[in-house]
Amino acid sequence: MENDNMAILASDREKAIVKTSIIGVLTNVFLAAFKAVIGMVSNSIAVTLDAVNNLSDALSSVITIIGAKLGAKEPNEKHPLGYGRIEYLSSMIVAGIVLYAGITSLVESIKKIITPEKAQYSTVSLIIISVAIAAKLVLGSFVKKQGKKHNSGALVASGSDALFDAILSASVLASAIIYLVFDISLEAYVGAVIACFIIKAGIEMMIETLNDILGRRSEKEEVVEIKRIICEEKEVRGAYDLMIYNYGPNKDYASVHLELPDTMTVDEVDKLTRRVQANVFRKTGVILTGVGVYSFNTSDDEAAKIRNTVQKTVLAHDWAIQLHGFYADTENKTMRFDVVVSFDVDKYEAIETVRKEIQALYPDYSLQIIPDIDA
């Protein structure tokens, strides 16, 4: 049932992204054609570069469509977790196109600054540029909204780019009006400014996509929500080591450790685990693929005292963020627990420090201390 729901959501998402991208392609091709004609007739480098920018936006939308189609492919033996990450590659290509368009536009603008040419604007050309600005504002708002709704980084980037294009086109219009009123040509300079902003947008898009490919820190709100859902179960004392693995937009898998009473049977743990997995998926869409277990002492007063002492000792260090998974076997003299260590220190040195301190307090105990990262 869960797989069917995921398939329906993925299909709806793909259709929405493709539909939105097609609208973007048609609009940008239409605007590029008009601006190219105006640019050639008026001999305006700024308008011509604006047309090139629209054409690159259209190409970006085509790549977004291809990325969405490929990313929606069903998992198979070769790629059992699906093809969702292809969308990140398509976003990277879009960023590359934007960056290339910006660099080439900057080169052309510099040439025009060195060897300036007079522009010739007409009333019709100014009206068309004004309409283009309005069209870009509407298109940008629509595409960005759809991108956020369907969690598509490529669409969000395209929408933001379109909104920014409207501002750049407005600067072209302003330079044309200044030229007509004051006979001051800012054409090439405005073109250079436009090119610099396009380059900046391309770099930012590339960095954003690289962060997705490398893996970014999970959103705090999402982590808190998943842990809250898990801890609604009365047997769960705590949820730790939650790691979310992203395999494309809306394709999140996760693993977690639950702290449970040492009196629970394997059958009880199995039922609890399945219940937790179902609840987390239903409420967040995240699939818990791995659920580990920590046991905690339920009837050993001496173990409880040891825990308090150990916790106080460990958390006295600024780099020790959390202690969990504690269990002490007072009969066999063994103790185990995990320490979440800050990125500011070497985790192995930190754990060795903790080991020496705890071993000094409890020399008869065999220790097993695991370092955890602050994920």
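The model is predicted, so local features need pLDDT of at least 70 and side-chain atom pairs count only at pLDDT 80 or more, while totals for chains, interfaces and linings use all residues. Residues are numbered from 1 along each chain as its sequence is written, and side-chain values use heavy atoms, with hydrogens and water left out.

Searching the whole structure turns up nine salt bridges (a side-chain nitrogen of Lys or Arg within 4 Å of a carboxyl oxygen of Asp or Glu). One of them pairs Lys200 with Glu204, at 2.6 Å from N to O. Both belong to helix H6 (residues 187-214), and being four residues apart puts about one helical turn between them. Helices here are DSSP runs of H or I with at least four residues, strands are runs of E with at least two, and both are numbered from the N terminus. Lys200 is partly exposed at 45% relative accessible area, and Glu204 is partly exposed at 44% (buried is under 20%, exposed over 50%, partly exposed in between; 1.4 Å probe, protein chains only).

Helix H8 has a pair of its own: Asp270 and Arg274, four residues or about one turn apart, with their closest N and O atoms 3.0 Å apart. Asp270 is partly exposed at 33%, whereas Arg274 counts as exposed at 56%.

Lys283 and Glu232 also form a salt bridge, with 3.5 Å between the closest N and O atoms. Lys283 lies in helix H8 (residues 266-284) and Glu232 in the loop between helix H7 (220-230) and strand S1 (238-246), so this pair ties together parts 51 residues apart in sequence. The two also belong to a salt-bridge network with Glu225 and Arg228.
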